[in-house]
Amino acid sequence: MEGVIRWLEDATAVPEDSPEDFNQTASDIEAVAVEEKHNFDAYTSLLLNVTLIGCLLLAYYVKANRIYALPESAGAMMVGIVIGGIARLSTNNLKFFEFSPEVFFFVLLPPIIFGKF
């Protein structure tokens, strides 16, 4: 009977961890944060590429099948809405969806304005 009790005590005993196991340095914490940012950036790049490829394929499909009721820009907006909706539902980190006015005024707006000339 003593053998069974000793076996149960050994089986249910909580191992004593050395303090070295719980001692994380600032560089370890920073490395984890950098790894998470890298993974987030990788998913963001993948999503951007899928969106661009989807827009190109839809534009080709519209031109090849001569669908005049759907302009290429409307098709691109539909692809963006679908991909954006999927991305928004699949993540809790909404930092990706922030839009900077500087990006609009210095990157997106000049080609629109100067494309008319």
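This is a predicted model: local features need pLDDT of at least 70, side-chain atom pairs count only at pLDDT 80 or more; totals for chains, interfaces and linings use all residues.
Visitor: Does Arg66 count as buried or exposed?

Guide: A residue counts as exposed when its relative accessible area is over 50%. Arg66 has a relative accessibility of 61%, and therefore Arg66 counts as exposed.

Visitor: How many helices and how many strands does the secondary structure of the chain come to?

Guide: Along the sequence, the chain follows the pattern α-α-α-α-α. The secondary structure accordingly comes to five helices and zero strands.

Visitor: What percentage of the residues of the chain count as buried?

Guide: To count as buried, a residue must have under 20% relative accessible area. The chain has 117 residues. The part of them that counts as buried is 7%.

Visitor: Which residue forms a salt bridge with Asp41?

Guide: A search of the whole structure finds one salt bridge. In this salt bridge, the closest N and O atoms are 3.1 Å apart. The residue that forms it with Asp41 is Lys37.

Visitor: What separates Asp41 and Lys37 along helix α3?

Guide: Both residues belong to helix α3, which covers residues 26-64. Asp41 is partly exposed at 33% relative accessibility, whereas Lys37 is exposed at 53%. Because Asp41 and Lys37 are four residues apart in this helix, they are separated by about one helical turn.

Visitor: Why is the pair formed by the rings of Phe104 and Phe105 edge-to-face?

Guide: A pair of aromatic rings is described by the distance of the centres and the angle of the planes. The count in this model comes to one aromatic pair. The rings of Phe104 and Phe105 have their centres 5.3 Å apart and their planes at 70 degrees. Planes over 60 degrees apart count as edge-to-face, so this pair is edge-to-face.

Visitor: What is the accessible area of the nonpolar patch that includes Val103?

Guide: Val103 is found in helix α5 and is partly exposed, with a relative accessible area of 39%. Phe105, at 48% relative accessibility, is also partly exposed. Val103 and Phe105 form the patch on the surface together with Phe99, Phe106, Val107 and Leu108. The accessible area of these residues together is about 650 Å².

Visitor: How far apart are the end C-alpha atoms of α5?

Guide: At 1.5 Å a residue, the 14 residues of α5 should span 20 Å. The distance between the end C-alpha atoms agrees with this, being 19 Å.

Visitor: Where in α5 does a kink of about 40 degrees lie?

Guide: Helix α5 covers residues 101-114. The kink lies shortly before the proline Pro110, at Leu108.

Notes: Residues are numbered from 1 along each chain as its sequence is written. Side-chain values use heavy atoms; hydrogens and water are left out. Helices (H or I, at least four residues) and strands (E, at least two) are DSSP runs, numbered from the N terminus. Buried means under 20% relative accessible area, exposed over 50%, partly exposed in between (1.4 Å probe, protein chains only). Patches are made of residues with over 30% relative accessible area and no salt bridge: like charges are joined within 9 Å, nonpolar side chains (Val, Leu, Ile, Met, Phe, Trp, Tyr) within 5 Å. Accessible areas come from the Shrake-Rupley method with a 1.4 Å probe; for residues, only the protein chains shown count as cover. A salt bridge is a side-chain nitrogen of Lys or Arg within 4 Å of a carboxyl oxygen of Asp or Glu. Rings of Phe, Tyr and Trp (its six-membered ring) pair if their centres lie within 6.5 Å; planes under 30 degrees apart count as stacked, over 60 as edge-to-face and the rest as tilted. The expected span of a helix is 1.5 Å times one less than its number of residues. The bend at a residue is the angle between axes fitted to the seven residues ending there and the seven starting there.
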